[in-house]
Amino acid sequence: MEKTCGLSHLFMTIFLHHFSTFMVIPAITDITMSAVCPGRDECSLAIYLTGFQQAIIGLGTLVMMPLVGNLSDKYGRKAMLTVPITLTIIPLAILAYSRTRNFFYAYYVLKTLTAMVCEGSVHCLSLAYVADNVPEGRRASVFGILSGIGSCAFVCGNISTRFISTSSTFQVSASVAIVAAVYMRILLPESIRDENLYTPILSKEKVAVSSPDEESARKMQVFKRLPSIEDMVCLLKSSPTFSQAAIVAFFSNLADVGLHAAMMYYLKAKFHFNKDQFADLMVISGIAGTISQLVVMPLLAPALGEERMLSIGLLFNCAHVFLYSIAWSSWVPYAAAVFSILFVFAQPCMRTIVSKQVGSHEQGKAQGCISGICSFANVVSPLLFSPLTALFLSDRAPFDFPGFSIMCIGFASMMAFIQSIMIRAAPPISSQRPSNRNFVEA
């Protein structure tokens with residue numbers, strides 16, 4: 001009963017957090033263009049700024065994701081969730097106050113810095129929280145429900161954006177972000193309850209120690225056990241299935257980040273989309289994804305298995321990206337968005353496969369490792385695709401194909417699909433005795 005209550009509070013926390021972050025996405029392209037290139041529908045500088053921001057965030061999260069996941073195994077999921085959920089409020093509050101050029105650049109800098117910790121952390125820690133409370137047989141379904149909650153927040157946030165002004169969008173977003181942080185701190189219980197958990201960072205409880213030297217030794221032990229590159233390599237070598245899932249995660253995220261960065265600028269340049277049309281597009285995608293993750297995935301996961309559903313999701317992700325790239329009319333992106341009813345399978349299935357390859361006390365470490373690999377893709381993707389997007393949307397394009405960069409993104413997604421069909425179901429080890437793998441310690 002306590003675990004069920006904890007999951008329900010986690011779902012509400014995730015809904016509120018994602019609602020606050022997703023509702024600003026349709027508006028941020030117009031805000032960026034207005035601040036950097038006012039009165040224009042195509043702006044290479046805005047594309048490069050977005051790509052640079054994503055690359056810097058990717059570098060930061062490459063270091064932070066394994067660290068956050070590892071610390072959550074030591075101090076608890078709730079304590080570590082507090083950090084990204086709280087930091088998210090700061091950049092939103094800046095644009096809630098003003099959206100002039102100077103405030104936009106202040107937002108840009110602070111968003112870059114805070115996202116180094118926030119980007120992906122909430123998702124990574126939420127997955128570890130679910131893995132703490134859900135047996136392996138039900139994990140794929142609950143991971144799908146968690147993603148469905150995010151999709152539901154995505155829909156609600158974009159519907160809100162569709163019907164309120166830009167200034168109100170950021171004010172509401174900042175307010176909901178504050179509510180999410182308060183709700184989580186008051187109602188969400190800790191998921192790890194045993195003698196192996198150190199005193200949570202934000203807890204008022206104190207651990208009794210016999211001397212200052214013992215306290216110092218305990219802190220040094222935690223410091224020595226923080227993740228390193230060698231730890232990640234050791235984890236990747238621990239299971240062929242884990243390493244294959246990591247390759248899928250890299251190429252899948254490479255495509256997702258590239259598409260996210262390019263698509264809005266592409267649609268604005270080619271079809272003159274604005275905030276409202278972006279919101280409509282995202283609502284369609286979100287509704288399809290929500291229905292799929294909350295209804296379809298729990299029914300299909302036990303019958304098909306995570307490996308097959310991962311391949312199905314990635315196949316339809318390829319199709320939807322290629323359709324965007326050759327869009328010949330303004331209705332085509334809306335049709336492509338419907339494909340999310342199947343491509344949303346990919347992420348929860350990939351994370352489920354990973355969670356079954358490690359012991360019960362390594363869930364944060366494993367999810368953090370995969371998130372770190374995804375963060376590396378966040379660095380590479382803007383370096384590859386932002387220049388292509390800027391070039392083919394400009395007057396200097398070598399040939400007339402505005403969606404060329406998006407088609408290249410589709411090939412990255414195809415690489416993930418090809419790797420996914422090579423994954424074979426491996427015996428899970430998380431039900432066995434907690435792993436005794438000794439990672440490299442300083």
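**Fold and one threonine**

Mentor: The protein has 19 helices and zero strands. Those are DSSP runs, H or I of at least four residues for helices and E of at least two for strands, numbered from the N terminus. This is a predicted model: local features need pLDDT of at least 70, side-chain atom pairs count only at pLDDT 80 or more, and totals for chains, interfaces and linings use all residues. Residues are numbered from 1 along each chain as its sequence is written, and side-chain values use heavy atoms, with hydrogens and water left out.

Trainee: How much of the protein is buried?
Mentor: Buried residues are 56% of the 442. Buried means under 20% relative accessible area, exposed over 50%, partly exposed in between (1.4 Å probe, protein chains only).

Trainee: Where is Thr112?
Mentor: In helix 6, residues 101–118. Thr112 is buried, at 9% relative accessible area.

Trainee: And what does Thr112 touch?
Mentor: Gln53, Ile56 and Ile57, leaving out residues up to four places away in sequence. Contact means heavy atoms within 4.5 Å.

Trainee: Is Cys152 buried or partly exposed?
Mentor: Partly exposed, with a relative accessible area of 27%. Cys349 is buried, at 0%.
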